[in-house]
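Here is a briefing on one protein chain. Please look at the sequence and the model first; the notes follow, grouped by topic.

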Amino acid sequence: MKNYKRNQVFIYWKKFKNTLQMKAIAINNFGAPNDTFETIDYPIPTIGNDEILIKVKATSINPIDYKIRGGHLPHLVLSFPAILHGDVSGIVEKTGANVTEFQVGDYVYGCIGGIIGINGALAEYTKADYRLLSKMPGNLDFADAAAIPLVGITAYEAIFQRANIQPGQKVLIYGSVGGVGHLGLQFAKVLGAEVYATVSNEQQAAIAKESGADYTIDYKKETVEDFVNKYTGGKGFDIVFDTIGNQNLKNSLNAVKIKGTVVTTLSLDTIDLSPVHEKALAFHTVYMIIPILYNDEAGKQEHGQILKHITELVEQGKVKPLIDDSNFTFEQVAEAHSYAEAGRNVGKIVISV
């Protein structure tokens with residue numbers, strides 16, 4: 001009888017554990033920040049063999065987050081309630097059977113989901129495929145680390161993997177103080193490039209210089225033809241990294257030299273690509289969420305490896321995330337989204353527990 005009761009207690013406890021709830025911030029419809037986000041009770045995720053349960057400490061805002069919330073990318077939300085935000089930093093709470101490189105208590109970061117039914121970081125706990133993660137840089141706090149994953153992986157793919165930069169080459173960075181651009185600038189300097197950074201005012205010029213830019217170009221005051229003549233003798237830059245994209249691709253194609261390279265993070269508009277042929281250009285696009293979208297195991301593994309290299313560069317003092325002065329908590333996520341959409345930030349906007 002005693003064993004029977006003990007077994008019954010264990011069964012009840014197991015059922016109770018499997019229904020433990022956490023607080024999450026979700027959307028149940030598309031729309032403006034104040035009309036969408038709500039705090040809900042949600043089951044604590046149950047992890048699979050290749051997953052990690054993370055106690056969330058911070059996240060950051062990327063344009064994809066507020067575009068999804070606003071209904072501009074509805075195909076990335078399969079059902080409601082949806083828990084958004086791919087970037088996360090936090091503490092390993094539990095590991096799956098196949099996970100050997102992380103242990104409970106490790107500080108980790110990565111871009112884990114927030115799309116196509118894979119819950120993101122706006123919750124007390126989230127789960128992630130361990131291959132998407134890396135241990136955090138030891139010299140960063142959770143907020144600063146959460147600013148890196150999506151933009152860092154995007155910039156890394158563009159600069160290290162697509163641009164094929166050689167020391168001394170002239171590299172033009174469009175959007176040099178944006179989330180992706182400021183890291184692309186620093187990665188180009190790591191590879192020994194001579195970096196030219198587009199800016200729109202003196203504050204941005206100072207930030208770009210501090211990040212390592214050799215020259216800054218006020219695109220509001222100088223035409224493409226002007227600065228191509230000024231800095232390259234009319235030949236064009238060896239490599240153009242365009243984080244603005246779309247119609248700005250015309251400027252990128254005009255600014256690059258014959259047989260040069262253009263890498264873009266946004267190419268959704270209809271534009272004339274004949275210069276790609278006429279100049280025999282190498283033309284690349286980067287879309288870093290592909291491994292998550294298509295459950296690409298090799299791609300996930302690559303993202304984790306990229307973050308490990310970024311961790312090394314950060315710990316060596318060669319790379320530093322640019323963080324906006326705002327200080328938002330999870331309870332202020334709607335306010336943070338409004339702030340981001342207004343474009344008032346200088347650097348990444350982080351949201352901390």
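Ile-116 is buried, at a relative accessible area of 19% (buried means under 20% relative accessible area, exposed over 50%, partly exposed in between, with a 1.4 Å probe and protein chains only). Ile-116 sits in the loop between β5 (107–111) and β6 (125–129). Its phi is near 40°, a positive value in a residue other than glycine. Helices (H or I, at least four residues) and strands (E, at least two) are DSSP runs, numbered from the N terminus.

This is a predicted model, in which local features need pLDDT of at least 70, side-chain atom pairs count only at pLDDT 80 or more, and totals for chains, interfaces and linings use all residues. Residues are numbered from 1 along each chain as its sequence is written, and side-chain values use heavy atoms, with hydrogens and water left out.

**Backbone points**

- Lys-259 also has a positive phi, near 65°, in a residue other than glycine.
- Lys-259 belongs to strand β12 and is exposed, with a relative accessible area of 65%.
- The peptide bond from Phe-80 to Pro-81 is cis. Its omega is near -5°.
- Pro-81 lies in the loop between α3 (63–69) and β4 (87–95).

**The six-stranded sheet**

- Six strands form an open sheet in the order β10-β9-β8-β11-β12-β13, with parallel pairing. Two strands pair if DSSP finds at least two bridges between them.
- The edges are β10 (215–218) and β13 (282–285). Each has a single partner strand, so one side of each is left without a neighbour in the sheet.
- From one strand to the next, the twist averages 20°. Axes are lines fitted to C-alpha atoms, for helices over the stretch in contact, and angles run from 0 to 180 degrees between N-to-C directions.
- Strand β9 (residues 194–199) runs parallel to β8, and four bridges join them. Val-171 stands opposite Val-195 of β9.
- Helix α6 (residues 179–190) packs on this sheet and touches β8, β9 and β11. The direction of α6 makes about 165° with that of β9. Contact means heavy atoms within 4.5 Å.

**Strand β11 and its partners**

- Six of the six residues of β11 (residues 237–242) are buried, so the strand is largely enclosed by the rest of the structure.
- Strand β8 (residues 170–174) pairs with β11 in the parallel sense over four bridges. Ile-173 has Phe-241 of β11 as its bridge partner.
- On β12 (residues 256–264), five bridges join the strand to β11, and the two run parallel. Phe-237 stands opposite Val-256 in β12.
- The chain passes from β11 through helix α9 (residues 249–255) to β12 in a right-handed β-α-β crossover. Right-handed means that, with the strands pointing away from the viewer, the path from the first strand over the helix to the second runs clockwise.

**Phe-237**

- Where is Phe-237 found? It is in strand β11.
- At 0% relative accessibility, Phe-237 counts as buried.
- Leaving aside neighbours within four places in sequence, Phe-237 is in contact with residues including Lys-170, Leu-172, Tyr-196, Ile-217, Phe-227 and Val-256.
- Phe-237 and Ile-351 are 114 residues apart in sequence. In space they are 37 Å apart, C-alpha to C-alpha.

**Ile-271**

- Ile-271 is placed in the loop between β12 and α10 (274–278).
- Its relative accessibility is 17%, so Ile-271 counts as buried.
- Beyond its neighbours within four places in sequence, Ile-271 is in contact with Asn-246, Gln-247, Leu-249 and Lys-250.
- Asn-246 and Ile-271 are 25 residues apart in sequence and 7.7 Å apart in space, C-alpha to C-alpha.

**Helix pair α5 and α12**

- Two packed helices are described by the angle between their axes and the distance between the axes.
- The axes of α5 (residues 149–162) and α12 (residues 297–315) come within 10 Å and cross at roughly 90°.
- The two helices are therefore roughly perpendicular to each other (angles under 35 degrees count as roughly parallel, over 145 as roughly antiparallel, 65 to 115 as roughly perpendicular and the rest as oblique).
- On α5, residues making the contact include Pro-149, Ile-153, Tyr-156 and Phe-160. On α12 they include Glu-302, Ile-306, Leu-307 and Leu-313.
- By class, this contact has eight nonpolar, four polar and two charged residues. Ala, Val, Leu, Ile, Met, Phe, Trp, Tyr, Cys and Pro count as nonpolar, Asp, Glu, Lys and Arg as charged, and the others, Gly among them, as polar.
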